[in-house]
Amino acid sequence: MKLTFRWYGEGDVIPLRYIRQIPKMHGVVTAVYDVPVGEVWDEERIANLKWLCDKEELSMDVIESVPVHEDIKLGKPTRDKLIENYKETLRNLAKFGVKVVCYNFMPVFDWLRTDLYYEHPDGSTSLAYNHETLLKLDKYNLHLPGWDESYTNQELTSLLREYENVSHEQLFDNLCYFLNGIMPVCEETGISMAIHPDDPPWDMFGLPRIITGMESYDKLVAAVPSPRNGFTFCTGSLGAGKYKDLPEMARKYASRIFFAHLRQVKHTTPHDFYEIGHQTHQGDVDMFAIVKNLVDNGFDGYVRPDHGRNIFGEQATPGYGLYDRALGAAYLCGLFEAVEKTR
Ligand code: DNO
């Protein structure tokens with residue numbers, strides 16, 4: 001396992017120096033944030049990020065994310081040009097040693113939460129999701145916590161209308177079209193594509209969501225069998241779903257999981273949950289069983305402690321503070337070490 005930490009580039013308030021101080025830290029997971037979705041990431045920007053990481057002796061093997069343009073998800077005629085651009089970005093990333101690219105195929109929205117500062121009895125806060133609150137929102141006039149409102153209401157409305165005719169099957173076909181388009185470049189450069197599950201893993205605002213659990217994994221691998229096609233196994237996103245077969249997914253797909261986002265969720269009802277510290281006893285995700293099944297089945301990928309709480313008075317970006325993710329990193333290292341040494 002190679003331990004990593006998400007770092008939001010030069011705009012991140014957490015310095016690389018601090019990340020480096022976390023024991024066993026191999027590298028950071030980062031991205032180019034100032035190129036519009038769909039355009040090529042030029043070598044200069046990538047070189048700059050790599051230089052910053054090199055200075056702190058942190059690897060930059062994993063990129064999260066190279067976002068996929070909505071036209072590709074919608075299957076519009078412009079997709080071919082956009083796929084060419086994506087390929088160019090992958091080639092540029094490979095020149096700087098990138099090995100894994102995380103991406104998602106969620107229409108319009110990425111992860112969704114209704115509360116960024118859910119307060120726990122000990123005074124810590126974390127992200128939370130309440131289904132009823134979400135259902136009450138007006139999808140044409142959205143102000144969601146944490147969602148970067150990059151669309152105007154008008155743009156959002158027309159985008160949502162375009163999706164009205166896109167079924168789950170159509171979206172899945174569009175995903176396969178995209179993957180088949182880029183796989184030759186992945187095979188040539190050695191870059192592995194790791195799809196992030198939908199978060200939470202059910203349809204949102206009438207938009208189809210297709211990477212939701214074991215069945216979607218089976219279906220995607222059957223459709224695009226290239227060894228460069230695989231997963232970002234996010235235990236928080238998948239764990240929010242009602243099918244809790246995470247240890248089984250870890251066992252079955254250990255060698256196709258290129259990247260693992262290990263985090264904890266605790267359900268309060270089947271559709272409502274909050275996030276919490278990483279340890280098994282804190283929530284519903286059996287971290288030990290997952291790590292054990294990954295290790296026992298040959299997992300050799302990257303791991304990052306995902307979303308932590310805000311603790312010790314840290315005023316951090318919700319989910320992305322230093323302290324709780326550092327505690328998570330230490331815990332995960334302990335789990336991996338114990339499992340590896342007792343095999
Ligand atoms: C949230 C993250 C996601 C993830 C993207 C990957 O904290 O896990 O935003 O980066 O879905 O494309």
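For sorting residues, Ala, Val, Leu, Ile, Met, Phe, Trp, Tyr, Cys and Pro count as nonpolar, Asp, Glu, Lys and Arg as charged, and the others, Gly among them, as polar. This is a predicted model, where local features need pLDDT of at least 70 and side-chain atom pairs pLDDT 80 or more, while totals for chains, interfaces and linings use all residues. Residues are numbered from 1 along each chain as its sequence is written, and side-chain values use heavy atoms, leaving out hydrogens and water.

**Exercise 1.** Work out which residues surround the ligand and how they divide.

*Solution.* Start with the shell, taking heavy atoms within 4 Å: it has 14 residues, and the closest are Glu-64, Ser-65, Asp-110, His-307 and Tyr-320. Next, sort them: five are nonpolar, five polar and four charged.

**Exercise 2.** Find side-chain polar contacts (N or O pairs within 3.5 Å) to ligand oxygen atoms, then check the ligand's cover.

*Solution.* Glu-64 puts a polar side-chain atom 2.5 Å from a ligand oxygen. For Asn-104, the distance from a side-chain N or O is 2.9 Å, and for a polar side-chain atom of His-196, 3.1 Å. Now the cover: alone, the ligand exposes 330 Å² (Shrake-Rupley, 1.4 Å probe), and the protein buries 97% of that.

Terms used:
A polar contact is a pair of N or O atoms within 3.5 Å; within protein, one must be able to donate a hydrogen and the other to accept it, and residues adjacent in sequence count only if both atoms are side-chain atoms.
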